[in-house]
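Work through the exercises below with the sequence and the structure open beside you. Try each task before reading its solution.

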Amino acid sequence: MVKVRALFFAYNKQTCFRFPDIDLEAGRNLLVLGESGIGKTTLLHLLAGLLWPKSGSVEVMGTVLHEMSLAKLDRFRGRHIGLVFQRPHFVLALSLAENLALVQYLAGKQQDKNRISEVLDSLGIRHKLHEKPYRLSQGEQQRAAIALAVVNNPRLILADEPTSSLDDKNCMKVAALLKEQASATGAQLIIITHDQRLKAQFQNTLIL
Amino acid sequence: MNIFRLSFRNMTSRPLSTILSLVLLTLGVGMIALLLQVNRHIQQQMENNVRGIDMVVGAKGSPLQLILSAIYHIDAPTGNISRLEAEELQKNRLVASGIPLSYGDTYRGFRIVGTNHQYPELYEAEVASGKLWHEPFEVTIGATVANTLELKTGDTFTGAHGLVEGGETHEEHAYLVVGILGYTNSVVDQLILTATESVWEVHHYEEKEDQTSAQEENHEHEAHGDNHADEGHEEHQAEHEITAMLVKFRSPMGMVQLPRMVNENTNMQAAVPAYEISRLFSLMGVGIDTLSTIALVIMAVSGLSVFISLYNALKDRQYEMALMRTYGATRWQLVWLVLQEGLVLTLTGFLLGMLFSRLGLWLVSRLMETTYHYSFSGWGLVMEEWWLLATALVIGLLASLLPAFRVFRINISKTLADA
């Protein structure tokens, strides 16, 4: 499902990263562990098609990402890849439900209110449907960010440090939620983090 | 949810800067549109009333005053001229027609004009009810007069001396309304038309009365017979006075020869409406140009305000833009989002400006009606307003171009990492 081959990226001559090959079969999750500054976020952006590698390739669902045109890649990402960032961000002018509807719209999918309620329900924040995201608590915001990533039933969920700012209890909760959501939508989950606490949660670990 | 709704929500989420942009746009567009409309209406009214009149002959004085009083009936007359002299001019081979006008009295602010049937013909006025006047003291009234004063055929009224309301009334001579004219959108709508003889009789009767009372005071009963002869003589003389004559030329040669001839060889003054009106407009034009420039500057500032508003909003929303890209938005969708915000903003400003200008026009029109008995008609868009729309949209486009360019060039990875 996810295949990474000889991936190499350079910001400049000093800052360049060579990443190990990855082969992730369908139905399996992956935890990528690594210290700060060794290119974790870079790897995630390469996997999501937000950055262009200098060499090597990333293949998702049999499609080589960086061979597509920019517009096609945007569409592909919208439809098949869900992203969760370290700090949750939203479109501020819109309510939570509208944010989710926008994400559906941008991916070119049918805007489905039932799906929105379903996702928020499973994350326990359905009552915040018409709330502005920035009015939610920290923990609720993190869940709302997960909702944005999974609402389109992506095939691949990429999470960048989703737990680093959370305490132990919430860290486990978020990790559990991510895994739960991934299995519910039949998606593969790749978490990239320096958070050693997550190690116990994943069988499949790659150390950068 | 779609791009249009999103841009709308983005605008309403920063109400202050949106309102500032809208207020500036409304002011700029509204002022220009109001100026255009008022200018157009005045020009239309002026030109509409001038048709078929090549020259106005009246007493010596200001030519502009003569035109304003004899054609538009918004100024005081320059004085009286001899009817014989005016008729003499009518016989000139270059003159096609001459319409005599005698005025000086009003009824509740509307002017009573003594003339002949050629005058309503000149403005293509049709009789809506009743008939045109035939006897002295029969009047046919303009549509606006009938409407405003609620006069009907068969009503009677007495005129007041002078052109302002509240003048001394001529109680002894009541006018009878015999007809009402239809709307012509010209000065005739605001006039009470009667035979020239009516105006004479009213005033000669008064002169006679004045004289009689003076005589009585002086106890000059003996000279009564002589005086009577004098009066008769005076009356005869006075009968030969009119206020102005509207002249139409038979050929363009008239324009070359007649005004000069009249001004040099007679006691009368000739004024050419086309010339005086263009002089009036060039005087007004300075004011209109100044106001237009101010309005244009306001529009330019509003463009700047739209730009700053979009640019600042975008700075705060960089991350949002990158986020939307990660969720599948294409670059062009985001460019369109920003452009749309600018365009919707300027379009709304334009529409508000139009509303503002029409409200202003309505107020000006009401003011004109109460003070000058002139009203505007036709509220449609003029050609220049389509240009105004184009200008507003170009301003919106220009203001959102740079922000849109930044969105197009956004580095998603870097923006996300920096956030």
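The exercises that follow concern a predicted model.

**Exercise 1.** Determine in which order the five strands of the open sheet in chain A are arranged, and which strands stand at its edges.

Solution. Begin with the order, which in chain A reads S7-S8-S9-S4-S10, with parallel pairing. Next, look at the ends of that order: strand S7 (81–84) and strand S10 (205–207) of chain A each have a single partner strand, so one side of each is left without a neighbour in the sheet. Averaged over the sheet, and with direction ignored, neighbouring strands are turned by 15 degrees against each other. Finally, examine one pair in detail: S7(A) runs parallel to strand S8 (residues 156–160) of chain A and is joined to it by four bridges, and Val84(A) has Ala159(A) as its bridge partner in S8(A).

**Exercise 2.** Work out whether H10 and H12 of chain B are roughly parallel or roughly antiparallel, and what kinds of residues make up their contact.

Solution. The axes of helix H10 (residues 273–326) of chain B and helix H12 (residues 383–408) of chain B come within 9 Å and cross at roughly 30 degrees. Angles under 35 degrees count as roughly parallel, and H10(B) and H12(B) are therefore roughly parallel to each other. Their crossing is right-handed. Among the residues that meet are Phe307(B) and Leu310(B) from H10(B), and Ile395(B) and Arg406(B) from H12(B). Sorted by kind, the residues of this contact divide into 14 nonpolar, four polar and one charged.

**Exercise 3.** Decide whether His45(A) is buried or exposed, and find which residues it touches.

Solution. Locate His45(A) in helix H1 (residues 40–47) of chain A. Its relative accessibility is 2%, and buried means under 20%, so His45(A) counts as buried. Leaving aside residues up to four places away in sequence, His45(A) touches Leu50(A) and Leu51(A), together with Ser413(B), Leu416(B) and Ala417(B).

Notes. Residues are numbered from 1 along each chain as its sequence is written. Chains are lettered from A and ligands numbered from 1 in the order in which they are written. This is a predicted model: local features need pLDDT of at least 70, side-chain atom pairs count only at pLDDT 80 or more; totals for chains, interfaces and linings use all residues. Side-chain values use heavy atoms; hydrogens and water are left out. Two strands pair if DSSP finds at least two bridges between them. Helices (H or I, at least four residues) and strands (E, at least two) are DSSP runs, numbered from the N terminus. Axes are lines fitted to C-alpha atoms, for helices over the stretch in contact, and angles run from 0 to 180 degrees between N-to-C directions. Angles under 35 degrees count as roughly parallel, over 145 as roughly antiparallel, 65 to 115 as roughly perpendicular and the rest as oblique. A crossing is left-handed if the near helix is turned anticlockwise from the far one by less than a right angle, and right-handed if clockwise. Contact means heavy atoms within 4.5 Å. Ala, Val, Leu, Ile, Met, Phe, Trp, Tyr, Cys and Pro count as nonpolar, Asp, Glu, Lys and Arg as charged, and the others, Gly among them, as polar. Buried means under 20% relative accessible area, exposed over 50%, partly exposed in between (1.4 Å probe, protein chains only).
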